[in-house]
Amino acid sequence: MAHDSYAIDGIPLDEPAGRWRLTSKTELPQWGSMVSPSAKIPHRNGVLPIAPIAAGVSTVKLEILIPAAHQTIGLRTLRAITGARSLHLMAWTRASGDETLEADVRVSSSVSVKEHGVDGDLLVSFTVEAVDGEWRKKVPEKVDVGTNKRKSFPIITGKDALVPAIAVKADTDGGTVTVRDTIGPSAMSVGRVPSTSWLLVDTENWDVRNIPTGKEQTAGEDDVSRMPRAERSTPTLSITPGGFRLAQRSDGDGVVEVVGGSALLWWKGAY
């Protein structure tokens, strides 16, 4: 039977050659604990029934078996992915639908190593936590918003979806393009935008790049750092605090509007 699998920094924790593998004690990601706030009203009996909220971070408990014949390479590999750097990129591939989610994680417990059986096998266990408190889809979805239009589209996500990249082109050279989520509070405004070429905005790092000619349809999936900086006239940039997120209507659709030009955006589901 297919099962969920994990990788840290590109290293599968179920190693294909069998030099180490996850045991049945490995858990699926745990959500933060729930907190149930309440509000007391003076001179009234009872409390207001306020919905619980999630607090804390998402954690994953891992247990890995290293056969005796592969102890050296197995322990060396696990030391590399549990130390050296404070943050590691973890991928969680779900058995249902073969969907891969990613999160920046750090080890949040001691690393326990103990012998298993009589053959010298080792069991290594530790816990990691997702520092942003969420898992994101690895592959972004593209939406062509159009020119001075409002666009609705389906969103499948557990919480407000993240929009890490938005490409814009102005109606008039040097104009301002505004993109906003019509359901939630997110908005982005870019000034000094050209009318004959596209700019790509990295919304998480507040970075603006020139998109090479003909590359605008895939720009949000490419390595932004390899694109030239927008230096012809330094664009002005304004983004809602907390980044650009997409809220959902009751029917599961997101709705985005662009004013002053054209826009393409790439979003990732967040859980």
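Q: In the open sheet of five strands, what is the strand order?
A: In this predicted model, the order is E15-E23-E17-E18-E21, and the pairing is antiparallel.

Q: Which are the edge strands?
A: Strand E15 (150-154) and strand E21 (236-239), each of which pairs on one side only.

Q: By how many degrees are neighbouring strands of this sheet turned against each other on average?
A: The average is 15 degrees, with direction ignored.

Q: How many bridges join E17 to E18?
A: Five, and the two strands run antiparallel. Glycine 175 stands opposite valine 193 in E18.

Q: Turning to packing, how many residues has the largest nonpolar core?
A: That core has 26 residues. Those with the most contacts inside it are Ile166, Val168, Val179, Met188, Leu246, Leu265 and Trp267.

Q: Which elements give two or more residues to this core?
A: Among them are strand E14 (141-147), strand E16 (159-170), strand E17 (175-181), strand E18 (187-193) and strand E24 (261-270). The largest share, five residues, comes from E16.

Q: And what does tryptophan 267 touch?
A: Leaving aside residues up to four places away in sequence, its contacts include Pro140, Glu141, Val143, Phe153, Ile156, Leu162, Pro164 and Leu246.

Q: What about the second core: which residues does it include?
A: Leu22, Ile66, Phe126 and Tyr271 are among its 24 residues, and this core is separate.

Conventions
Residues numbered from 1 in each chain as written. Predicted model: local features only at pLDDT ≥ 70, side-chain atom pairs only at ≥ 80, totals over all residues. Heavy atoms only, no water. Core = buried A, V, L, I, M, F, W, Y, C linked by side-chain atoms within 4.5 Å. Buried < 20%, exposed > 50% of the residue type's maximum accessible area, 1.4 Å probe, protein only. Helix = DSSP H or I, 4+ residues; strand = E, 2+ residues; numbered from the N terminus. Contact = heavy atoms within 4.5 Å. Pairing = 2+ DSSP bridges. Axes fitted to C-alpha atoms, helices over the stretch in contact; angles between N-to-C directions.
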